[in-house]
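Reader: Before we look at anything in detail, could you take me through the reading of strand pairing, sheet order and burial, one feature at a time?

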Amino acid sequence: MDASRFISSGLIEAYVSGLATSNEIEELERAMAQYPEVRAAVNDCQLDMEQYIILQAKPAPAFIRQNLLQTIADEETARENGTYVETSEFPEETKQTVYVNSAWRWAAAAAILLLLGSVAMNYIFFGQINDYKGRYEALLSAQNTLASESNLYRARMEQMEHTINIFKDPSMKAVRMPGTKPFPTALATVYWNQQSKEVFLMANNLPAPAANKQYQLWAIVDGKPVDMGVLETTNTTELLHKMKSIENAEMFAITLEKKGGSPAPTLDQMYVAGKAS
Amino acid sequence: MGAAVTYTESELVLGLKARNEKHFGYLYDHYSPALYGIALKVLNDESMAGDVLQEIFLKIWRGIERYDTDKGRLFTWMVNIARNTAIDTLRSKSHKMGQKVAELGSNTLASEQLAIHPSVDHLGLVKVLELLSREQRVIIDLAYYKGCTQDEIAKILDIPLGTVKTRMRNAIIQLRNILKQI
């Protein structure tokens, strides 16, 4: 459209009277930037419209002036004190006003409220989810701890049952080995199955050996010591320690030896001894 | 207002942007009748128009930084703020379209203006109102003072939608011709 077509199109009158749609406003503003004569025509028309507006002017009640001057003076004081809060009022510069059906405005207000509500709920639920997540993780770790403890106890229980079964065996013979003279408080017991010939050792009271030492059990057969194995101290929860089996023995004794055991007992390190029959 | 101080528009704008309260007083004294006239025409209620006028001037005062001299005259900018603020209030008071029609459709508007608000301009206004046809006056006022869309005007005046802009153009041309004779 050239300049003269714009001028006769009625767009200028629609613009000035507030009738133009937002598309028409854009179109005309582009033409105003492009053609000085269109801009001049719009200005002339606008001046006349403003004259019509001024014809309908009327003095406002005097108190309004007082109120306004008071309000802006207060605002300036607040601004100087730094207590002024910027309002979010923007002067509307769009000339076209789109009439919105009130039902739509209610719907928009409701939608905004719903959105705000939803944002608030999101915030609350997000906090709750984090809270629950934390609690869930705490529960999960507690549950894992309990499960592993439970496994541990079950293993110990099984061990104990196993031990008790050994004790319960009617052919089991207990050989009490009290402390020798240098170690009067020491005490250990040998459980010797007379049928299977298995030997188990219970350390009732033996002082903890040094790191490079181990207790060794001996059987005295025909006056001679026979190695029955060393006492493994790693598994301290075990009540009975399985030793080597033996057919016959007159006595049992325990000496403290170097780690791994010795071929012959160190007699001055004999802690306990007891007769088998 | 008695002081013989006058400001050019650019002096006024500079003073307002510098937050000078004297310039604001001057602005109010010179422009409040025109802007109050707009609010009154839109709302048809003096108390509401007074409230809206205060809102309009606060928007001008607080928004003066956003006024760009390159985009148009100060008065045009203020008139737009006044019109939009008043029309927004009109809508928020849930005035229905039917009410707008009743207000404008009745012929009381002209006599009311003459009877209640005699002003220095009233002879000019009488002439305008005499020489514009009723339909021309109503179509201008519906668009300008009530913010009606083309669609709404077509329904109110019971005319085809396609003719609204042509009739508006003729009404404005007639108005401008009358104004030239005043």
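Author: Two strands are said to pair if DSSP finds at least two bridges between them, and strands themselves are DSSP runs of E with at least two residues, while helices are runs of H or I with at least four, both numbered from the N terminus. This is a predicted model, in which local features need pLDDT of at least 70, side-chain atom pairs count only at pLDDT 80 or more, and totals for chains, interfaces and linings use all residues. Residues are numbered from 1 along each chain as its sequence is written, and chains are lettered from A, with ligands numbered from 1, in the order in which they are written.

Reader: How many bridges join strand 2 of chain A to strand 3 of chain A?

Author: Five bridges join strand 2 to strand 3 (residues 199-205) of chain A, and the two run antiparallel; A:Leu187, for instance, has A:Asn205 as its bridge partner. These strands form a hairpin with five residues between them, and A:Lys197 in the turn has a positive phi of about 70°. Strand 2 (residues 187-193) of chain A is also joined antiparallel to strand 1 (residues 172-178) by seven bridges, with A:Val190 standing opposite A:Val175.

Reader: In what order do the four strands form the open sheet in chain A?

Author: The order is 1-2-3-6, with antiparallel pairing, and the edge strands, each pairing on one side only, are strand 1 and strand 6 (241-243) of chain A.

Reader: What percentage of the residues of chain A count as buried?

Author: A residue is buried if 20 or more other C-beta atoms, placed from the backbone, lie within 10 Å of its own; in chain A, 22% of the 277 residues count as buried.

Terms used. Buried ≥ 20, exposed ≤ 12 C-beta atoms within 10 Å, placed from the backbone.
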